[in-house]
Amino acid sequence: GDFVAVNEVSFTVHTGEIFGLLGPNGAGKTTLIRMMTTLTPPTSGAAMVGGYDVISESDGVRHSIGVIPQALTSDPELTARENMAIHAKLYGLTAAQRRELIPRLLDSVGLTEFTDKLVGSFSGGMRRRLEIARGLVHSPKILFLDEPTTGLDPVSRTAVWEMINKLKEMASLTILLTTH
């Protein structure tokens with residue numbers, strides 16, 4: 001209808017930067033993320049992500065980004081390894097690549113000892129860390145995190161922020177995140 005969620009937004013995020021979109025609930029942060037990740041087409045304007053136009057080069061955008069949505073999307077009836085493997089298969093990683101990459105990513109987010117545990121038994125912070133690892137399975141250059149600490153206790157929240165900084169350095173990531 002006539003509702004405008006995002007209007008006259010202009011910014012540049014440099015390679016290797018952590019860039020935050022700050023605003024109250026309903027400010028349009030998630031809508032902006034959805035446009036930049038090709039899930040919602042913009043009605044006007046232009047956006048480039050990783051050197052690709054979000055409208056005409058959407059496949060290029062999708063291959064260069066990892067997306068961790070606000071809602072927890074890992075399957076609670078699968079183990080951490082199985083959740084990771086499904087996404088790795090979707091991105092075309094071979095069995096050999098999966099065997100090498102999955103343990104490394106789970107270790108990078110501090111979940112090695114929970115590799116074969118059902119995700120349904122994880123705390124919210126553990127699930128968020130798993131989802132961040134899962135978003136890195138295809139080695140994206142850019143990581144989008146939509147309110148990555150929502151619903152987490154203060155200790156888990158701090159751990160997630162520290163992990164984001166650590167991953168940025170380890171993987172030379174550019175990170176765009178939203179928070180209120």
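**Helix packing and pockets**

In this predicted model, helix α3 (residues 80–90) packs against helix α4 (residues 95–108) at an angle of about 125 degrees, with their axes 10 Å apart.

Q: Are α3 and α4 oblique or roughly parallel to each other?
A: Two packed helices are described by the angle between their axes and the distance between the axes. For α3 and α4 the angle is about 125 degrees, and angles under 35 degrees count as roughly parallel, over 145 as roughly antiparallel and 65 to 115 as roughly perpendicular, with the rest being oblique. The pair α3 and α4 is therefore oblique.

Q: Are α5 and α6 roughly parallel or roughly antiparallel?
A: Helix α6 spans residues 154–171, and α5 packs with it at an angle of about 15 degrees, the axes lying 10 Å apart. Angles under 35 degrees count as roughly parallel, which makes α5 and α6 roughly parallel.

Q: Which residues of α6 meet α5?
A: The crossing of α5 and α6 is right-handed. From α5, the residues in this contact are G125, R128, R129 and I132.

Q: Which element gives the largest share of the lining of the largest pocket?
A: The largest pocket holds about 940 Å³ of space and is lined by 36 residues, of which F11, L32, M36, A46 and A47 lie nearest its centre. At least two residues of this lining come from each of α1 (29–36), β2 (48–49), β5 (142–146) and β6 (174–179). The largest share, four residues, comes from α1.

Q: Which element gives the most to the lining of the second largest pocket?
A: This second pocket has a volume of about 450 Å³, and among its 22 lining residues L39, G66, V67, I68 and P69 lie nearest the centre. The elements that give two or more residues to the lining are α1, β4 (65–68) and α5 (124–135). With four residues, the element that gives the most is β4.

Notes: Residues are numbered from 1 along each chain as its sequence is written. This is a predicted model: local features need pLDDT of at least 70, side-chain atom pairs count only at pLDDT 80 or more; totals for chains, interfaces and linings use all residues. Side-chain values use heavy atoms; hydrogens and water are left out. On a 1 Å grid over the protein atoms alone, a cavity is a set of points where a 1.4 Å probe fits but cannot get out, and a pocket is an open set with protein on both sides within 12 Å along at least five of seven lines; lining residues have an atom within 4 Å of a point. Grid points are joined across faces, edges and corners, and a volume is the space filled by probe spheres set on the points. Axes are lines fitted to C-alpha atoms, for helices over the stretch in contact, and angles run from 0 to 180 degrees between N-to-C directions. A crossing is left-handed if the near helix is turned anticlockwise from the far one by less than a right angle, and right-handed if clockwise. Contact means heavy atoms within 4.5 Å.
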